[in-house]
Amino acid sequence: MKIDKNPSSFRDPSGFVFSDQNTILRQISTYYKKNYQLLKSSGLYEKLVEAKLLIPHSEVPDTFNFPETYKIIKPLKIPFISYPYEWCFSQLKDAALLTLHIQKKALQFGMSLKDATPYNIQFLEGKPILMDTLSFEKYEEGKPWVPYRQFCEQFLAPLSLMAYTNITLGKLTQEYVSGIPLDLTEQLLPLPSKLNPLVLIHLLLHGKSQKNYTRISKKQKEDHAFSRNALSGLIDSLYNGIKGLHPKSVKTVWTHYYEDYHPSYTKKSRTEKKEFVEKYLKINRPGNLCDIGANTGEYSQIAAKNGIVTLSLDNDPTAVEQNYNRIQQNGEKNILPLWIDILNPSPSIGWQNTERSSFLSRLQPDAILALALIHHLAITNNVPLSFLADFFSRHCRLLIIEFIPKSDPQVQKLLQNRKDIFIDYDQNSFEKEFSRYFKTREKLPLSACSRIMYCMENKGTV
Amino acid sequence: MIQKITDSRILKLILFGILIYFFSLPKHAHAYLDPGTGSYIFQIILAGLFGSIFFLKSGIKKIKGLFKDKSVEKETDEDR
């Protein structure tokens with residue numbers, strides 16, 4: 001029996017997550033017994049699960065003999081675990097609003113959240129969901145909201161920086177795993193943002209208070225109670241303020257890629273490309289797929305429509321934002337857009353460098369879609385074709401890839417200001433390098449352009 | 001002898017005092033998270049503001065609710 005304790009589940013003594021032969025389970029400690037019973041008996045669990053706000057679970061027999069165990073539960077499996085530094089603005093915003101919404105609901109049932117971190121939220125069927133069943137505790141009237149600081153540093157600070165300073169500052173959450181310090185946030189925020197009451201109260205004045213008050217006596221605590229109305233007002237103030245935040249609009253090269261900047265494709269070649277992708281996804285029926293360099297998710301949608309759970313990656317946060325917003329508008333369920341630069345995917349971070357695992361260690365797709373991608377990796381970023389073939393072979397069984405030759409106008413553009421040092425970048429070298437690891441099942445030169453589509457199958461086991 | 005009795009009384013009193021102290025401490029049985037002193041005090045300072053805004057808003061909502069046609073009320077995202 002192989003039991004692995006999850007390396008990120010150690011801070012809260014209420015329980016921990018572990019895996020037993022690929023099944024994810026959660027131990028509930030006797031320490032948390034009363035709160036778990038209240039969560040169930042109050043009707044809060046049922047209400048949240050019914051509204052798809054909290055991950056459902058079933059109670060399973062305890063055959064593990066962990067000390068101090070009250071129960072073992074089996075939560076519904078999340079297809080892919082992602083982290084806040086991999087989310088676009090609206091994903092983080094929706095996760096923040098969900099957290100506050102759950103706090104409001106919990107109060108109605110006599111409970112309160114004891115932590116409020118984006119790491120407790122995951123995406124399931126396109127929507128954020130709370131995955132930490134042990135986040136609730138009995139509400140004690142008079143007590144301020146314990147996770148207020150955590151919420152402001154882990155949700156509000158990055159959201160405000162993305163909205164007012166620069167959308168790429170969301171990546172600061174990777175550096176500051178416990179939350180972005182409020183004094184740093186204040187330094188980075190521009191003056192106009194400081195007129196927003198949300199920023200002024202919850203980040204600036206809050207930050208000043210953190211600096212000015214370092215001690216509190218027991219008497220001070222008891223003399224000043226924090227009423228239920230005050231707590232509700234605090235949550236409302238955060239909720240309404242965050243609802244009004246929007247990402248700083250940036251038009252990047254990628255956001256209108258297909259419409260504005262793409263002389264390489266005619267309508268016909270785009271249709272051919274889509275048909276090729278759909279045909280080989282239907283034939284091979286991969287269990288899940290990763291679309292690398294997905295832009296706004298045009299091709300990910302083909303996979304998703306065919307019932308394939310799809311990760312849709314792009315290194316442009318604005319493109320990821322558009323992808324996510326469309327998913328929300330259309331109620332699409334099979335796509336998870338993530339803000340990932342495949343040249344520098346998220347590393348393992350946190351305690352012992354294992355608390356939050358690296359992106360590539362979590363990436364185990366059955367199939368990879370690499371369309372209009374390899375010229376950016378090989379030419380813009382000098383990654384040799386042999387490295388690319390090796391990379392794809394490590395991560396998928398099925399590869400649908402587009403080769404873009406030097407004669408293509410897009411590649412010409414990449415080469416216009418630099419010396420062409422890429423003597424091996426041609427169709428023959430591409431096929432030679434990839435044939436070391438893959439068997440080509442189908443090859444289709446797109447008409448009206450010089451690009452070639454390939455469907456390849458890994459020769460070995462991944 | 002008298003000295004011994006006094007000592008044991010003092011000891012009992014101290015023990016009693018310690019017990020009272022522990023039982024009177026606020027119960028943070030599950031607060032594994034440090035709320036941060038500044039963040040804790042900040043909420044207390046603004047309690048009046050948040051409390052009164054919420055009180056006013058709920059009052060307005062209730063008054064508005066009196067005039068709303070209940071038959072057309074639908075569950076909104078907020079009510080989920």
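Strand β11 (residues 309-314) of chain A pairs with β12(A) in the parallel sense, over five bridges; two strands count as paired if DSSP finds at least two bridges between them. Within this pairing, A:Ser312 sits opposite A:Pro337 in β12(A). Keep in mind that this is a predicted model, where local features need pLDDT of at least 70, side-chain atom pairs count only at pLDDT 80 or more, and totals for chains, interfaces and linings use all residues. Residues are numbered from 1 along each chain as its sequence is written, and chains are lettered from A in the order in which they are written.

**The sheet**
- Seven strands make an open sheet with mixed pairing, in the order β12-β11-β10-β13-β14-β16-β15 (chain A).
- β12 (335-339) and β15 (438-445) of chain A are at the edges with a single partner strand each, so one side of each has no neighbour in the sheet.
- From one strand to the next, the twist averages 20°.
- Strands (E, at least two residues) and helices (H or I, at least four) are DSSP runs, numbered from the N terminus.

**Helices across the sheet**
- Helix α13 (residues 317-330) of chain A lies across β11 and β12 of chain A, at about 160° to β12(A).
- Angles run from 0 to 180 degrees between N-to-C directions, with axes fitted to C-alpha atoms, for helices over the stretch in contact.

**Where chain A meets chain B**
- The contact takes 37 residues from chain A and 21 residues from chain B, with C-beta atoms, placed from the backbone, within 7 Å.
- On the chain A side, α9(A) gives the largest share, seven residues.

Methods
Two residues are in contact if their C-beta atoms, placed from the backbone, lie within 7 Å.
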